[in-house]
Amino acid sequence: MDAKKQLYLLKEKNEFSDSENVILSWLCYQLEKNNELSTLNTYLSRACILWLLFCNNENIDEWSGEKFLSVYRDILEQDYNANKKITNDSIKHHDHSDYSSVLAELLTRIHTHAMKEFGLEALPEHLLDGTKKIIHVKAGFISEPHFKFVLNALSNCTELYSQEKNVLICIATIAFRTGLRFSEIQYLKLNNIENSDELWIYVRCTSADNLKTLSARRRIPLGLLLTPDEKIIIKNYLNEKFGQEAYDSTKFAFTLGENQYLPIPGDMIRQTIKSAINQCSDKSKSAFTFHHLRHTALSRLQLIIHRKILNYQNEQNIFWRNSVAWSPEQCDQIYHAILSGHPRGDYWALCKFSGHQSPATTLKNYLHFSDLVAASCMNAGVYQWSYYLINYFSGISLEKINELSNNSTYFCESAYSNAMKEAIGKFTKLVSCTDRAMPNISPIIHKLNIHAIYEIISVLELHHDHSFLQTKYDLNDDIMIDLFSAAVKLSSFKTEKGKSRINSTSRSNLLQPAKLRSHAEQNEFSRLVPKFEVFSEVEIDEFEFLSRYYFLHKNTSNHAIAFNSLELLERFVKILLNFFDAKRIYVELSKVNDLWLKHLPKSISIKMTKSSSGSAKLCILHPENEKVIENYQCNVPSSGAVKDINKYSTPILKNLLFGCVLLRFDSEKIDSWGI
């Protein structure tokens, strides 16, 4: 298979992050323009890798144009090869004299493509000369009926279990009503939510979310902004959190799974809600992003500021009913509680509520009804202007004004009103609103991977209804039964002393390893999952050796694995070097085995011990090994003896192998390993 076909196949798999998909799409676009592969290789080595280095695993669909501009200039500034020349023919049409200008051109090309295909914000300036460009705002407003469709889609989605549905609905509702940023909701803790009818939310700086600016610190009256039905849903969710026996105010408000001290996985939540919004829309699949919930909430509050001029009490006002779900009384309460009283005006109050430093950001990027508000004010105005002003603002010719005014300096509204409103009519047209039937949301079939294996085993072990999993992953009963049976067999592996090799018997869920506790471990696990999946599919013999040896020699007392054979140890280490940094592969050798030293890679961490057992022990060091050891030593009481710790291992390998074994091998194969 040639390189072009492989590139297109990668694009079709759709298994990459947003940033990776941008680069894949751009490279495919360059191929369509008949660029050579050598040209693409130049692009990839010069600009694409740098782009991914700074943008990958970031929420680029929520970045502003200013944010992209700042990141690109950081790329240009920090690149050590900035003074290198490029003479590749692929850029022969551009008269660039140094590497920086060429790199800036390539970054601009990538970004322009991403704007068209992925809807990213435009750059406000050119990268090098600082010339201002026309500001592009990725505007979007989600109507009240549209949002009801979204909640209905999430509630009836067969791919999600009940806990996921509750969390998704609560997060979407809070973002839709308050305009909180996703990170502000993601890292919200229980002690930041007032347990009262008002449900005040205190947005504060935390170790997990350092906020964007000091102005982002604020308090939000969540209870006041919810509709009665929404308030019941949110309060039921929070009351369950507040009422738990092991209640701890430092726990995150929105979590999935057992560990309440880890925030929700951002990509999963954001992408699921984004998908629901777009499936319920007539727009293209990528038209809306999660951040448009914030756009909607702030634009709606702009309507509240001008509610009287917009005739908000008129029940026949279709635009208002589709844009605002609050009663006239609630609109007045929201205005007086949030949007009034600021000494510099209502828009400063809205700016403070939004967490912006000045109304300029709010007006420029988030308030999408400014033209409508201005037009409504103009339509409602009583004009006593001279005909020179009327000519300037309306475009009505002086001859027409003279004709209407009977040559007087001023004239009454009745004489020119119709002509005036006809002239500005193109700016004052009402937004058209049409009713639409509930869309039919078709289920998405997800790929069976390691993450899916853990989800399935969790549901089966807890004896929950698993029918939604069969729809989500297109599985039948036979596959589910064999998967559960394989997990049971793998978890039943015992040591010579009869102890479990996988889990301690004190744990409640014995069919799978404990979840990784630190963010560093979780991030590394997510990064290694696709690599392990490819390895287990392509290098099946090596994968079976790695898995079989690991689970036949592992025990629950520590993460180290014993080796009595140099050949097996060499083979094991060689495989691990494909996934882990060499310094994190830690091997303890006894003096008896000192001859093994010259056969092992010098780059790995090796410690010689006084043991005479004749065996070696291997473990994987924690991704933040030094930091963990430092924290341990700092937290030991001064009166206590500090235990000598020179390493801190991680169970990442166990978690990866467990999920991958169940993904690749059936229960019969695992049973054949001889246990």
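Is aspartate 197 buried, partly exposed or exposed? Aspartate 197 counts as partly exposed, at 44% relative accessibility. Here buried means under 20% relative accessible area, exposed means over 50%, and partly exposed lies in between (1.4 Å probe, protein chains only).

This is a predicted model, in which local features need pLDDT of at least 70 and side-chain atom pairs count only at pLDDT 80 or more, while totals for chains, interfaces and linings use all residues. Residues are numbered from 1 along each chain as its sequence is written, and side-chain values use heavy atoms, with hydrogens and water left out.

**View A. Aspartate 197 forms a salt bridge with lysine 231.** A salt bridge is a side-chain nitrogen of Lys or Arg within 4 Å of a carboxyl oxygen of Asp or Glu. In this pair the closest N and O atoms are 3.1 Å apart. Aspartate 197 sits in the loop between helix H8 (182–186) and strand S1 (200–203), and lysine 231 in helix H10 (residues 228–242), so the contact ties together parts 34 residues apart in sequence. Helices (H or I, at least four residues) and strands (E, at least two) are DSSP runs, numbered from the N terminus. Lysine 231 counts as buried, at 18% relative accessibility.

**View B. Aspartate 197 also forms a salt bridge with lysine 235.** The closest N and O atoms are 3.7 Å apart. This pair links distant parts of the chain: aspartate 197 in the loop between H8 and S1, and lysine 235 in helix H10, 38 residues apart. Lysine 235 is partly exposed, with a relative accessible area of 22%.

**View C. Arginine 571 pairs with glutamate 542 in a salt bridge.** Their closest N and O atoms are 2.7 Å apart. Arginine 571 belongs to helix H27 (residues 566–576) and glutamate 542 to helix H26 (residues 540–553), so the pair ties together parts 29 residues apart in sequence. Arginine 571 is partly exposed at 35%. Glutamate 542 is partly exposed too, at 24% relative accessibility.

**View D. A network of salt bridges links Glu144, Arg177, Glu230 and Arg300.** The structure holds 14 salt bridges.

**View E. Helix H12 covers residues 292–305.** Its 14 residues reach 20 Å from first C-alpha to last, close to the 20 Å expected at 1.5 Å a residue. The expected span is 1.5 Å times one less than the number of residues. H12 is mostly covered, with 14 of its 14 residues buried.
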